[in-house]
2 protein chains.
Amino acid sequence: MKTNAEELFKEFREHSVSEFFRKNAAMLGYTGKIRSLTTIIHEGVTNAIDAAEEAGVLPKIFVAIKRVKEESEHFKVVIEDNASGIPEEYIPNVFGKMLAGTKLHRHMQSRGQQGIGVSGSVMFGQITSGRPATVITSTGNGEIIRADVMIDVDRNEGKVMNAEKLEGKWRGTRVEVEVKDVTYMRSRYGPFNYLRMTAIANPHVHITFVEPDGTLTILEHATDEVPERPKPMPLHPWGIMSDDLLVLAKHTKGRTVTSFLSTELSRVSKRKAEEVLKLSEVNANKKPAKLTWEEAEHIVSAFKQVKLMAPPTAGLRPIGAADIENGLRQILRPEFTYAVTRPPKVYRGGLPFIVEAGIAYGGGAGKTVEGKGEGEEIEAEAGMELLRFANRAPLIFDQGGCAITSAARNIEWRRYGVDVSTAPLTLFVNVVSAYVPYTSAGKQSIAEEPEIFDEIRSTIMDVARELKRFLNQKIRIKERHERAGVFEQYLPVIARKAASLAGTKQPDIKPLLKKVTGDKHDEES
Amino acid sequence: MKTNAEELFKEFREHSVSEFFRKNAAMLGYTGKIRSLTTIIHEGVTNAIDAAEEAGVLPKIFVAIKRVKEESEHFKVVIEDNASGIPEEYIPNVFGKMLAGTKLHRHMQSRGQQGIGVSGSVMFGQITSGRPATVITSTGNGEIIRADVMIDVDRNEGKVMNAEKLEGKWRGTRVEVEVKDVTYMRSRYGPFNYLRMTAIANPHVHITFVEPDGTLTILEHATDEVPERPKPMPLHPWGIMSDDLLVLAKHTKGRTVTSFLSTELSRVSKRKAEEVLKLSEVNANKKPAKLTWEEAEHIVSAFKQVKLMAPPTAGLRPIGAADIENGLRQILRPEFTYAVTRPPKVYRGGLPFIVEAGIAYGGGAGKTVEGKGEGEEIEAEAGMELLRFANRAPLIFDQGGCAITSAARNIEWRRYGVDVSTAPLTLFVNVVSAYVPYTSAGKQSIAEEPEIFDEIRSTIMDVARELKRFLNQKIRIKERHERAGVFEQYLPVIARKAASLAGTKQPDIKPLLKKVTGDKHDEES
């Protein structure tokens, strides 16, 4: 039976982005009872840290997960920060509208990027428990606002209910979300481990955590230094695409192409812009909005022929090798640890990124047996432990499709003297960028952009080489010990016999022994 | 330096869904040069097959990938179907607006679901090549429309340019997208293998494919049977969530809760609805729109206490065990093949799904060395080959995070006599549902919903048991052969010696030999 087009297209409809993500909650990380709860913690905590850093204060985060009405899979999640607070008029859009926020349009390193995270938590709470989220916030003006927020899914709009104003001198934001169909577990994939990993990668963050059974854990900050505020960064011409250039040209305030290029792009002076326009045969006085695709393509390729300074990294804030080593030492107490933060590179779109990696060997490093939680058992996985981070935020799901995982697997570990299936090894990788190319809105996996993949691989190889040096030394020391053992045993006997044969006095063999075996005591110290 | 809220929130903006996916193209599968090209083929081909099936015709799909201007990474992709065509007024929205389409709001099994796919291809073409897509379509009314389409990213709107009308008797749609920064390869992840997998799972589809070097491949349809048109299916009460019920109640035409439940839900008669409302203590004459969350929760739990018929499966169209076995035999020529299509189950939201699996052993089954493409080399992976499908569409990326992969890994294959790292084994799994819970908009990976994970695991175990039976029989036959060898060698000698000792005539040992060894010739036939 044939059907005609008019009949079929009667069903054509438009949909709101909230409706889309309500039906596709799995894309935001709401899949499975353990992961869904961790996703709420992740969204709340990354937002809280971002907000505190943007406000220029040392982040102090309070997280609590409480059981509601003793029902087993019904929880209330509380996340509180000490950031700037949210002005009243923005509350509906911050918590109830998707694709709205302060970060998406700026090229800035932050944990959140998309203006979906917190609205996603509010929606997941709403569709599982039927309850609105409760927001308590103050900008520090003596007035505290308390309001309930729900999402109107059809319209992608926030609805505020029961708003009230209280008096009080406090600054910050507290969000309470009620959820059902989630499970609390102290496993690798649960909130506890998520917060522990956050603490490793963010030594300046102070986290207080209350578990459903009332256990209080304080993950203290290891430094009092307020991190620099992240800065929006203009795009750098290396690797920029024609389309990016045209989008910028459409919105620029520059009146000529010359002024457009030198104001909107990083490391492009007026003289550099003129040089590029000459090379690309584009009229320097043309209006930017009138640039054609072909001209944009010529400009993009001309940028590859001129000398430019490397992209600025003022806006990028890696953890730093010293702090990574400290973090690994504090948690794992390994025999050996080494970390490296490499210089910035760029990938598609001219966006700079930094990769840093740390390695820990021995002690508590490597995978250990997982804890049990609430009657469920988690099996330990064999092999090297890989800790993945993007802008210091832990990535704990979707490891399969992540560039960090595939780069780590791509290393020939045997060349570094390591059997990854048995070695007590923890590998830490953090990718830092104003714009991390996640594979999905759940932000748990970094796409395999070739430049990023290669850089991760090189960084891991840097730390692996140091590990090899350490392991070789370990082997040499062991061999010296063995050699020393042989000589210590036989040399005195030989010396005695030889002296007796020659009829001379027995010589002092200590200097010889030291020469042959090396001073193992010196080497060990 | 502290910063206050008013200053920070000056940067608060709203964004269009197109802008979001332009910046997050990786979420739609546009990541890497090989994958990006395969994604365009995937989106176009799934849409083409869906459209032909909806139009009630046997799908005939033409796919061509051409090199443009001899530039190495600049291609034109052509996909043509023989479906209903698209009425002129819908062209901008079909190709230029995201989250718009005929499928998202209906509970129906189709390959596409989200109203993003084709607009995503148009956008990817536009941001890499700067060129609009060209659409040629006719509803068969003698008028053929040819138009260029671009996306206005800021507004999430399609812009039609250079539209013209031609005369001609033809029905169907042809889309041409120009793309840069992609690579053509005949590897596992390339378009050729994608189309081959599509053919295995869709014996009714006829595919003609022209590769960039001009090679023409015809994947002929193996059946002339026009598949039944997919039907929208109401939700089934099993496992439905309170929020789903309230969303339905908001949009229903039913005037009372009784009529609402019995018209909007599947397998709910008027009497059944009354029984449920009595149990849940909800007023049967209440207006549906006035239902509270608590009442919805009571109704949901009451549905679990009454007897209901299983969900209807009229709308679900599995491939069927026989066709899966045929497909595997045709492509792999294995020693053994077995497939099973299990009865429908439901998962969250009351949505039915079917899992089917096939297994092939020996012959061409198992992973083989990959072909090379255009100077790049692909390494073969060791171990069992896993072919994943959702609604007959091949899933070839993101295998790591997919419920099919994790269910397959979760099987203790040794119990079935199989070493997955060496066995010549191909496992085929197809998940069929009106609504497949993908983990990302790239639709390459199925979320681990517990009911779906368990069902996939059980289905794989069904086929694995048959494989075990086959392998055991193979071992028994081998053992009998060995045993037969021993007896055939020594029994005549023993018989001769014994007869000579006893002074009797040598007995006929054939019946004895047959009894001891089993008739291996019978068993082999």
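I am working with a predicted model, in which local features need pLDDT of at least 70, side-chain atom pairs count only at pLDDT 80 or more, and totals for chains, interfaces and linings use all residues. Residues are numbered from 1 along each chain as its sequence is written, while chains are lettered from A and ligands numbered from 1 in the order in which they are written.

I looked up the sheet of chain A and found it open, with eight strands in the order 7-6-5-8-3-2-9-10 and mixed pairing. Helices (H or I, at least four residues) and strands (E, at least two) are DSSP runs numbered from the N terminus, and two strands pair if DSSP finds at least two bridges between them. Strand 7 (157-167) and strand 10 (216-219) of chain A are at the edges with a single partner strand each, so one side of each has no neighbour in the sheet.

I then followed strand 5 (residues 133-139) of chain A, which runs antiparallel to strand 8 (residues 171-180) of chain A and is joined to it by six bridges. Within this part of the sheet, A:Thr139 has A:Arg171 in strand 8 of chain A as its bridge partner.

I noted six nonpolar residues, one polar and one charged in the contact of helix 7 with helix 10 of chain B, where Ala, Val, Leu, Ile, Met, Phe, Trp, Tyr, Cys and Pro count as nonpolar, Asp, Glu, Lys and Arg as charged, and the others, Gly among them, as polar.
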